[in-house]
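Please open the structure in your viewer and keep the selection tool at hand.

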Amino acid sequence: MSAPGPGGVGTPRVEWRAAWTPAEGADRARAGFAAAFGGEPAGVWAAPGRVNVIGEHTDYNAGLCLPVALAHRTYVALRPRPDGVVRLVSAQEPTAWEGRLADVGPGTVQGWAAYAVGVAWALRGAGLDVPGFDAAVDSCVPYGAGLSSSAALEGAFAVALDDVVGAGLGAHDAGRARLVAACRRAENEIAGAPTGGLDQTAALRSVPGHALALDFRDGSVRPVPARLGEHALLVVDTRAPHRNADGQYAARRAACEDAARRLGLPSLREVTDLDAALDRLAADGAPPETGRRVRHVVTENARVTRAVALLAEDRVAELGPVLTAGHASLRDDYEVSCPELDVAVDAAVAAGALGARMVGGGFGGSALALVRREDVAAVAEGVGAAFAAAGFGTPALLVAEPSGPGGRVEPAGPVADAAGGAR
Ligand code: GLA
């Protein structure tokens, strides 16, 4: 139960999730490929999960986010085939998938395969001559943990298919923006999840050692050096099952769109006077929770602006209260937290974290704590003890090391390595 954590420190009552090295991930994906299809793949590609430092539920409101890519990646071993057939297996999924690429469209693919084959469909729509393929997936991105395992899967297929057709989009940032768009279409139209683009951008446009300042109004992506120094980003996967997360996500998005409509604005990003906007929504008869949703989005954008400035000025410790305020807003105004997330945040802060908050869509998944490196073991122990006392399952922890974007792992070559070499 208590595998050694960072620095070899064993902490009771938590599990640690180490990232695979690229060689280990490639070996696993190649072994899965050989077992399912025989022979060698054309190559192995990978893309990372992400943790969002701050800026939650803002991406679909033309707002601001600040993610970092994880060293934890999803690996895809892939070989094109000439007959338009796609065959997929995953070490994380019991069911394989097989079908014709020409038959893929909205509503035709269920489950995990939608994220993979959806990218092939979207890249075809973007004009790439994507063939059929056999592909085997393996991943060390915690699944269903609010760390973007789905975008890591999409991103790995995007760079793989771009590479095998020789389109070269992965070789420069403008091309990567097109790959992000294809991944979003796959998720929105084939997997049917109305998500906003934060995850795919982090998976494909990150820079090692940096966070990404994302602005979903003007589409800009600005790397901000993440000089964490004596601080660590400790991620706590609560392993709480997502409870109706999809329906709740869609409802939050609809409430924000309704509010913008009532305010006569293109998006909530255009709210300049929060109190005036709340008054107007109340006068317009909007449900009370709509005002709270708007307050979260507007204050969260301000927290991102503040966090970007603090990071740029190397005032890392001062990020702590910003994270904790973000959690309160997600819990009380946006109402997307859950008991496990609240316990993780409160226990982390009580054990010495400088600040903590839930990350991702919510209703389960992970929390992020900003911790002095010397306090990582104590905070892990505090969270583990609080989970045991609350009767929750054992949490899984990892330290987020700001990493690079998706790319080719094998064969080594000029496109981009999985640690984010050439752009
Ligand atoms: C999920 C979605 C993202 C984003 C977050 C909340 O991760 O995929 O697009 O909306 O929730 O910030």
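Predicted model: local features only at pLDDT ≥ 70, side-chain atom pairs only at ≥ 80, totals over all residues.

**The ligand.** Begin by selecting the ligand together with Glu56, His57, Asp59, Asp199 and Tyr249, which come nearest among the 13 residues around the ligand. The side chain of Glu56 places an N or O atom 2.7 Å from an oxygen atom of the ligand. For Tyr249, the distance from a side-chain N or O atom to a ligand oxygen is 2.6 Å. Taken alone, the ligand exposes 300 Å², of which the protein buries 93%.

**The largest cavity.** For the largest, select Thr74, Ser90, Gln92, Trp112, Val137, Ser139, Tyr143, Ser149 and Leu153, which form its lining. Strand S7 (132–139) and helix H3 (149–164) are the elements that each give two or more residues to this lining. The space inside the largest cavity is about 50 Å³. Its lining comprises four nonpolar residues, five polar residues and no charged ones.

**The second largest cavity.** Now select Val53, Val68, Ala211, Ala226, Leu228, Leu233, Leu311 and Leu319, the lining of the second largest cavity. About 40 Å³ of space lies within this cavity. Finally, colour by domain: domain 1 (19–224 + 403–410) and domain 2 (231–400) each supply at least three residues to the lining of the second largest cavity.

How values were computed: Residues numbered from 1 in each chain as written. Heavy atoms only, no water. 1 Å grid on protein atoms, 1.4 Å probe; cavity = no way out; pocket = protein on both sides within 12 Å on 5 of 7 lines; lining within 4 Å. Points joined across faces, edges and corners; volume = space filled by probe spheres on them. Helix = DSSP H or I, 4+ residues; strand = E, 2+ residues; numbered from the N terminus. Nonpolar A, V, L, I, M, F, W, Y, C, P; charged D, E, K, R; others polar. Domains from an automatic or database assignment. Near = heavy atom within 4 Å. Polar contact = N/O pair within 3.5 Å; in protein donor to acceptor, adjacent residues only side chain to side chain. Areas by Shrake-Rupley, 256 points an atom, 1.4 Å probe, with all protein chains shown as cover.
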